[in-house]
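Please examine the sequence and the model shown below. The explanation considers the surroundings of the ligands and then the annotated positions.

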Amino acid sequence: MRPRLALVPGEPAGVGPELMVRAAQQDWDARLVVFGDAAVLHRAAAALSLPLELHRAGETPASARSLEIVDIPHPVQAAFGAPEPANAASVVAALTGAAQACLDGTLDGMVTGPVHKAAINDGGIPYTGTTGLLAAHAGCEVVMMLANPAMRVALQTVHLPLREVADRIVPDALERTLRIVYDALRKQFGIADPAIAVLGLNPHAGEDGHLGSEELDVIIPTLERLRLDGMQLIGPLPADTAFLPEKLRGFDAVLAMYHDQGLPVLKHADFAHAVNITLGLPYPRVAVDHGTALDLAGKGVADPSSLFAAIRCCTQLADGRKRV
Ligand SMILES: NC(=O)C1=CN([C@@H]2O[C@H](COP(=O)(O)OP(=O)(O)OC[C@H]3O[C@@H](n4cnc5c(N)ncnc54)[C@H](O)[C@@H]3O)[C@@H](O)[C@H]2O)C=CC1
Ligand SMILES: NCC(=O)COP(=O)(O)O
């Protein structure tokens, strides 16, 4: 049986809704159930001059291409490119509704479009990203990992002011992250003995303590301890050369210490086909790698490749989980 996946458009004023409409134009190896506002999807379809048929969960579809929808209306119809903080609660409700369906077992995984963090915060809801929202909702610890055909990059810290990053590089947190990444690579990605490269925090991985102490105080002792458990950990590596193609070929994943240490490299290598995977949740969640692209919304030019890659990746992860 095909896995059943939630499809959550995210910010209604961004490119999320039109990318969902593009997904509705083709067949997938999964049954897709949209958690979002039907009116917003119809408006996006009209802007792109594409057909869109929606039917409520449990109703008979009008055609084979009809998408199932759990309608979660937004209180305000936002103009393309102009997020409305008044829609913050409904944007979050769509995400948690889909997440609950995954926890209940009604659905097998979720694929999410981009969310505008500032609009959610301006709407009065503390939010640093969907990864954290889903972790709190499920009551577990998670790791963000982006992947494309060139590499996998997991993050030790994510949406944090740079000023606060060094204080968060502590042994317990690093150990928990590495264990989550290691387990996911083995169980979800089928890599028997994954090799994980761990980047230093400081230039030249701290230059033996002359350019920062986190490598000597935290990273090296943590890696030494985890190696005793059989984990194949390489590093701490200087970040400026860790991504050289000949080195990268030896790693199943790279752990970057902060968001902009790892993600620019991955997005430069292949922005279109990258996806954002949440490791550690009890169900698969895969998101697009890009943001709301407010400059493109409603113009019909946004590239759906990342969403399509996310649907394919989530389908595979959900399939694998069903087989276990
Ligand atoms: N998965 C998610 O929920 C993500 C959300 N964001 C949020 O999105 C908002 C905007 O973030 P930005 O830094 O401006 O990043 P962005 O990814 O929205 O835009 C960066 C550049 O990439 C282009 N771009 C993005 N997606 C594209 C697509 N599908 N096809 C063609 N071009 C595309 C945009 O036009 C822009 O020039 C922020 O609120 C940010 O937090 C950012 C990244 C991921
Ligand atoms: N840089 C990744 C990003 O902004 C998306 O994060 P999340 O909303 O999936 O946690």
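The following paragraphs describe the two ligand shells and then individual residues listed in a database record.

The model is predicted. Ligand 1 is surrounded by 19 residues, the closest of which are Pro114, His290, Gly291, Ala293 and Asp303. At least two residues of this shell come from helix H4 (117-122), and at least two from strand S12 (285-288). By residue class, the shell around ligand 1 comprises nine nonpolar, seven polar and three charged residues.

Around ligand 2 lie Val115, Gly129, Thr130, Thr131, Asn276 and Ala287. Two residues of this shell are nonpolar and four are polar, while none is charged.

The unreviewed UniProt entry lists Thr131, Lys267, Asn276 and Arg285 under "binding site".

Thr131 belongs to helix H5, which spans residues 130-138. Thr131 counts as buried because 24 C-beta neighbours lie inside 10 Å, and the threshold for that class is 20 or more. When residues up to four places away in sequence are set aside, Thr131 touches Val142, Met144, Val158 and Thr278.

Apart from neighbours within four places in sequence, Lys267 is in contact with Ala274 and Asp289.

Technical notes: Residues numbered from 1 in each chain as written. Chains lettered and ligands numbered in written order. Predicted model: local features only at pLDDT ≥ 70, side-chain atom pairs only at ≥ 80, totals over all residues. Near = placed C-beta within 6 Å. Helix = DSSP H or I, 4+ residues; strand = E, 2+ residues; numbered from the N terminus. Nonpolar A, V, L, I, M, F, W, Y, C, P; charged D, E, K, R; others polar. UniProt positions renumbered as here; feature names shortened; annotations may be inferred. Buried ≥ 20, exposed ≤ 12 C-beta atoms within 10 Å, placed from the backbone. Contact = placed C-beta atoms within 7 Å.
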